[in-house]
Amino acid sequence: MRSSQSLGMSDTRTLASAKRMLRKDVMTCNKAVAESVKLCDVDVIAAYPITPQTSIVEYLAEFVAKKEIDAEYIKVESEHSALSALVGASPAGARTFTATSSQGLILMSEVMFTASGMRLPIVMANANRALSAPLNIWNDQQDSLAVRDSGWIQFYAENNQEALDYVIQCYKISENKKVMLPSMVNLDGFYLTHTLEPTEIPDKKDVKKFLPPYEPEYRLDPESPLTFGFFAGPDSYQEFRYEQQKAMENAERVIKEAAKDYYGFTGRKYSAIEEYKLDKKDTVLLTVGSVSGTVKEVVDKLEKKYSVGVAKLRMFRPFPFEEIRRIASRAKIIGVIEKDVIIGVNQGAVATEIKNALYGSKSIPVLSFIVGLGGRDTPPSTVEKIIKICENALEKPEKESYWMDLK
Amino acid sequence: MIVLGEKASYVKCRWKCEAGLSANRCWYYRQHLKEVSEEELFTSGHRGCAGCGNVITVRLVLKASGKNVVVVSPTGCTEVISTPYPETSWEVPWIHANFENAGAVASGISDAVKVLLRKGKIKSKPKVIAIAGDGGTVDIGFQSLSGAMERGHDMLYICVDNEAYMNTGVQRSGATPYGAYTTTSPLGQDTPKKDMPAIMAAHRIPYVATATISLPLDFIEKVKKAISIEGASYIHVLAPCPTGWGFPGEKTIELGRLAVDAGMWTLYEILNGEFRVTYKPTAKVPVKEYLKAQKRFAHLSEETIKKIQEDIDKRWAEAFR
């Protein structure tokens with residue numbers, strides 16, 4: 001794991017913001033997420049405990065109790081109800097937040113489709129955790145990737161700073177009239193949620209300027225009654241789905257604009273893919289989330305020996321097809337390192353999406369490396385093995401998919 | 001519109017009526033009917049069956065509540081008949097999310113209203129009313145409702161009970177009465193109806209009541225009372241379903257009336273823990289009359305009917321002692 005400092009973030013910071021006195025504390029990712037919610041003037045928070053997310057809603061309970069956040073805090077009886085409560089609160093005009101993980105996310109999944117279909121700008125943090133059975137509370141990314149088709153914008157954080165920054169940007173993106181889709185910030189369970197890192201908290205005034213108060217275009221208002229969540233027959237349903245797709249496409253542009261504005265007052269640059277030592281490299285290691293830190297370390301160590309760089313995927317929905325094609329056009333092989341598997345396909349969801357992006361363009365091998373399921377460690381030695389497999393596969397890949405460190 | 005007071009209540013006038021007049025001939029009753037709003041906030045053109053009890057329920061609720069409400073409906077007949085895009089029957093703000101979450105959705109709206117008022121983002125405070133079917137209440141929506149009631153949000157939850165899953169074509173629910181035929185209880189429901197109002201009362205919310213659309217003034221009065229109370233309240237209203245129960249559409253009101261007069265359904269309220277019967281039938285009608293009026297009970301043997309009658313007699317004695 002790397003701190004935000006070692007990611008070269010400070011190098012890109014503008015002089016103006018560097019001069020400003022910024023608050024930087026050492027905190028867990030869960031605290032960082034709660035701090036970001038505090039900055040966003042949230043109106044309604046729905047909370048239900050689940051490991052490893054729990055401390056997010058604990059911090060928020062404390063903030064609300066101390067009146068540091070002026071919000072209603074609904075202690076629901078399940079994750080299904082957590083999201084349902086927000087599906088009520090959001091069209092009533094409230095800015096909303098909830099956090100969950102794993103089983104909780106899957107329990108919510110029905111309502112996730114509804115929230116997106118009703119075009120509600122709800123923001124949620126998901127602490128990535130494996131799915132049962134067998135029951136497992138540790139990290140992988142099967143949970144959020146299982147709901148990839150629910151119509152939610154999905155970001156994946158590598159470190160605490162990214163998680164904090166994404167929550168703030170999510171409100172800006174989701175509430176954009178051209179988007180109006182819910183978004184989810186994913187943080188790796190324990191690797192991030194429970195790990196202390198120095199994290200910079202933006203100035204409240206700056207955030208307020210960046211994120212104006214939520215003014216919904218349509219509300220549940222007795223003065224002008226509207227019907228929400230009606231049913232649509234075969235003559236109109238397909239058009240609603242098409243509108244969702246169009247909104248997701250609009251989100252690509254809006255995400256870039258939000259990143260630009262965000263850079264303006266934080267000096268931290270965000271893009272769909274972070275390229276690390278990627279220039280003129282044969283092997284691209286494509287990573288998602290906290291494992292990126294380890295992979296970067298190994299690349300640092302072996303860059304003289306191998307022609308290898310890192311492409312860190314920060315956003316899975318909308319999927320950055322253009323960027324993937326651009327990266328692939330300069331590379332000879334892509335090794336996707338991911339913590340999930342599609343049973344029956346024997347590859348991860350990210351790898352299949354990369355292949356989807358490359359179909360019809362430059363054909364290079366894409367290998368799926370399944371690592372770290374259920375919280376199994378992904379040490380530098382595993383990454384080294386992956387690099388070697390990719391090097392050997394430059395000529396002719398033996399197979400498409402590798403389960404790493406299988407006992 | 002005049003608010004019905006305790007003294008002017010129709011219940012009292014029924015007891016006064018020594019001539020034993022039926023409700024539509026009772027002078028007091030007709031007098032009070034005039035006091036009910038003529039405004040229809042649930043418009044015609046909906047897809048409800050002729051004589052649909054759900055539609056009558058919604059109309060009466062909105063007559064009692066007026067415009068300053070937000071209505072939540074889970075999936076079910078009420079939702080499907082009233083909101084085929086691009087049409088709607090709702091003249092008040094209305095939302096449907098899923099089948100099992102009306103309680104949670106309503107609690108979210110209620111709390112959003114609370115905080116937005118506090119922050120000055122909205123000016124007036126609408127009452128949040130959930131109108132849900134029996135499936136969405138006593139079965140699949142049970143957890144969500146229980147959570148909402150226990151948390152005590154300012155909302156009124158109304159269960160429109162037609163005693164089965166009618167939207168999907170008459171399948172048994174936890175609210176289906178003993179003996180009733182449905183497509184999934186072809187031999188007749190073999191368990192008693194779940195006593196949902198009692199379960200709601202166990203949540204110690206300020207107001208729980210039962211009602212039927214066939215005694216509209218009693219129902220309207222209860223809705224008004226529930227709305228005036230800050231906190232969570234629950235009304236369970238029996239709404240006969242011609243399609244699911246098997247009777248002609250013009251008999252809906254009669255059936256609801258028979259259910260009460262036969263003791264199949266008791267009208268009461270529990271205000272801050274105080275139980276009070278709000279209507280006592282002048283004469284007890286044998287349950288056979290109620291059962292024989294519906295196809296769903298057509299298969300019942302004399303023995304079963306006797307068993308049902310005995311059960312009713314016991315409950316009657318308890319309720320009206």
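**Chatting through chains A and B**

Biologist: Which residues are buried in α4(A)?

Modeller: The buried ones are A:Ser55, A:Ile56, A:Val57, A:Tyr59, A:Leu60 and A:Phe63. Keep in mind that this is a predicted model.

Biologist: How many residues does helix α4 of chain A have, and how far does it reach?

Modeller: It covers residues 54–65, which makes twelve residues. From first C-alpha to last, α4 of chain A reaches 17 Å. That is close to the 16 Å expected at 1.5 Å a residue.

Biologist: And what follows α4(A)?

Modeller: A:Lys67 does, and its phi is positive, near 60 degrees.

Biologist: Where does helix α6 of chain A lie?

Modeller: Residues 102–117 form α6, and this helix lies across β4 and β5 of chain A. Its direction is at about 120 degrees to β4(A).

Biologist: Those strands keep coming up. What is the strand order in the open sheet of seven strands in chain A?

Modeller: The order is β3-β2-β4-β5-β7-β6-β13, with mixed pairing. The edges are β3 and β13 (315–317) of chain A, and each pairs on one side only. From one strand to the next, the twist averages 20 degrees.

Biologist: Take β2(A) and β3(A). How many bridges join them?

Modeller: Four, and the two strands run parallel. As one example, A:Ala46 has A:Ile74 in β3(A) as its bridge partner.

Biologist: Zoom out. How is chain A divided into domains?

Modeller: Domain 1 spans 5–266 and domain 2 spans 273–403. Their centres, taken over C-alpha atoms, are 27 Å apart.

Biologist: How many residues are in contact between domain 1 and domain 2 of chain A?

Modeller: 27 residues of domain 1 are in contact with 20 residues of domain 2. On the domain 1 side, α7 (142–146), β6 (153–156), β7 (183–188) and α10 (237–266) of chain A each supply at least two residues. α10(A) gives the most, with five residues. By class, that side of domain 1 has 14 nonpolar, seven polar and six charged residues.

Biologist: On to chain B. How many helices and strands does it have?

Modeller: 13 helices and eight strands. Of the 321 residues of chain B, 53% count as buried. Take its contacts between residues at least 6 apart in sequence: 68% of these join residues at least 24 apart.

Biologist: How many residues of chain B are in contact with chain A?

Modeller: 41 residues of chain B, facing 38 residues of chain A. The largest share of the chain B side comes from α5(B), with twelve residues. That side has 22 nonpolar, eleven polar and eight charged residues.

Biologist: Which strand of chain A is joined to β2(B)?

Modeller: Strand β9 of chain A, residues 227–228. Two bridges join the pair, and the strands run parallel. A:Thr227 has B:Trp94 in β2(B) as its bridge partner.

Biologist: What order do the strands take in the open sheet of nine?

Modeller: It goes β9(A)-β2(B)-β1(B)-β3(B)-β4(B)-β6(B)-β5(B)-β7(B)-β8(B), with mixed pairing. β9 of chain A and β8 (274–277) of chain B stand at the edges with a single partner strand each, so one side of each has no neighbour in the sheet.

Biologist: In what sense do β7 of chain B and β8(B) pair, parallel or antiparallel?

Modeller: Antiparallel, over four bridges. B:Tyr268 has B:Val277 in β8(B) as its bridge partner.

Biologist: Last one. Why is β5 of chain B largely enclosed by the rest of the structure?

Modeller: Because six of its six residues, 207–212, are buried. B:Tyr207, B:Ala209 and B:Ala211 point one way from β5(B), while B:Val208, B:Thr210 and B:Thr212 point the other way. Six bridges join β5(B) to strand β6 of chain B, residues 232–238, and the two run parallel. In that pairing, B:Ala209 stands opposite B:Ile235.

How values were computed:
Residues are numbered from 1 along each chain as its sequence is written. Chains are lettered from A and ligands numbered from 1 in the order in which they are written. This is a predicted model: local features need pLDDT of at least 70, side-chain atom pairs count only at pLDDT 80 or more; totals for chains, interfaces and linings use all residues. Domain bounds come from an automatic or database domain assignment. Two residues are in contact if their C-beta atoms, placed from the backbone, lie within 7 Å. Ala, Val, Leu, Ile, Met, Phe, Trp, Tyr, Cys and Pro count as nonpolar, Asp, Glu, Lys and Arg as charged, and the others, Gly among them, as polar. Two strands pair if DSSP finds at least two bridges between them. The expected span of a helix is 1.5 Å times one less than its number of residues. A residue is buried if 20 or more other C-beta atoms lie within 10 Å of its own, exposed if 12 or fewer, and partly exposed in between; C-beta atoms are placed from the backbone. Axes are lines fitted to C-alpha atoms, for helices over the stretch in contact, and angles run from 0 to 180 degrees between N-to-C directions.
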